[in-house]
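Open the model in your viewer and follow the stops below in order. Each stop gives a selection and then what is found there.

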Amino acid sequence: MEKDQLIAHVKKNEDGSWALPQPLIDHLEGTARLASKFAEIFNSSSWAYVAGLAHDTGKSPLAWQHYLETESGYDEEAHLETKSGKHDHSSPSAKLAEELLEKGMGRILAYCIAGHHAGLPDWIGSQSSLSFRLQNADTSDIPEKYRDNLQISHPSSPPWEFDNAGLDMSLWIRMLFSCLVDADFLDTEAYMEPDKAKTRGN
């Protein structure tokens with residue numbers, strides 16, 4: 001793999017050697033394809049696809065790449081004593097969707113993306129709320145090609161007329177969220193544990 005290839009995940013082989021890393025772009029596109037397929041049944045493929053493309057864009061800045069290589073030990077020249085705690089990648093990913101897509105579309109996908117590891121956030125109330133995370137996230141170091149991918153794959157209008165006074169919107173967001181979480185898990189598993197992934201059906 002080229003040295004400048006951005007990484008989504010790394011793993012060791014059984015003999016202790018390092019396997020080829022999973023390229024970030026492969027993980028984003030693989031997750032997008034799976035999420036899109038899962039969302040077909042409720043006419044939301046384009047929304048789920050963009051959620052997949054955006055969900056880990058926060059891993060693309062060089063600071064996060066260095067954190068991944070240091071934390072895992074993949075970079076032999078990195079010193080583990082320089083670790084400075086977990087680096088949040090979900091918040092910048094969510095903020096990128098909020099910035100690049102139309103306000104309502106971006107906000108809906110931001111909820112799903114921000115919560116794809118920890119669960120759907122509330123809008124206000126704590127430092128884990130979506131409003132706080134969007135306000136404090138930085139997207140300035142996310143490379144242009146990831147921004148371009150999101151803008152090219154702009155989702156269509158919502159698949160039906162929503163009753164804003166009822167549960168339609170919240171249920172739809174939860175279904176999109178479920179598609180993204182499942183797709184992310186399965187694409188990651190296919191890289192980390194391919195033999196286990198093969199035992200799953202369709």
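**Stop 1: a helix pair**

Select helix α1 (residues 24-39) and helix α2 (residues 45-54): their axes come within 7 Å and cross at roughly 155 degrees. That makes α1 roughly antiparallel to α2, a label for angles over 145 degrees. Axes here are lines fitted to C-alpha atoms, for helices over the stretch in contact, with angles running from 0 to 180 degrees between N-to-C directions. Helices are DSSP runs (H or I, at least four residues), numbered from the N terminus.

This is a predicted model, in which local features need pLDDT of at least 70 and side-chain atom pairs count only at pLDDT 80 or more, while totals for chains, interfaces and linings use all residues. Residues are numbered from 1 along each chain as its sequence is written, and side-chain values use heavy atoms, with hydrogens and water left out.

Now show side chains at the contact (heavy atoms within 4.5 Å). On the α1 side are Leu28, Glu29, Thr31, Ala32, Arg33, Ala35, Ser36 and Ala39; α2 contributes Ser45, Ala48, Tyr49, Gly52 and Leu53. These residues divide into 7 nonpolar, 4 polar and 2 charged. In this scheme Ala, Val, Leu, Ile, Met, Phe, Trp, Tyr, Cys and Pro are nonpolar, Asp, Glu, Lys and Arg are charged, and the others, Gly among them, are polar.

**Stop 2: Arg33**

Stay in helix α1 and pick Arg33. Arg33 is exposed, at 51% relative accessible area; exposed means over 50%, buried under 20%, and partly exposed in between (1.4 Å probe, protein chains only). A C-alpha distance from Arg33 to Tyr49 gives 6.2 Å, across 16 residues of chain.

**Stop 3: helix α2**

**Stop 4: the cores**

Which residues touch the most other members of the largest nonpolar core? Select Trp47, Leu109, Ile113, Tyr146, Leu150 and Leu176, out of 40 residues. Such a core is a set of buried Ala, Val, Leu, Ile, Met, Phe, Trp, Tyr and Cys residues joined through side-chain atoms within 4.5 Å. Its largest share, 8 residues, comes from α5. A second, separate core has 5 residues, including Ile7, Trp64, Tyr67 and Leu68.

**Stop 5: Glu189**

Finish in helix α8 with Glu189. Glu189 is buried, at 4% relative accessibility. Leaving aside residues up to four places away in sequence, Glu189 touches Pro194, Lys196, Ala197 and Arg200.

Methods: Helix = DSSP H or I, 4+ residues; strand = E, 2+ residues; numbered from the N terminus. Parallel < 35°, antiparallel > 145°, perpendicular 65-115°, else oblique.
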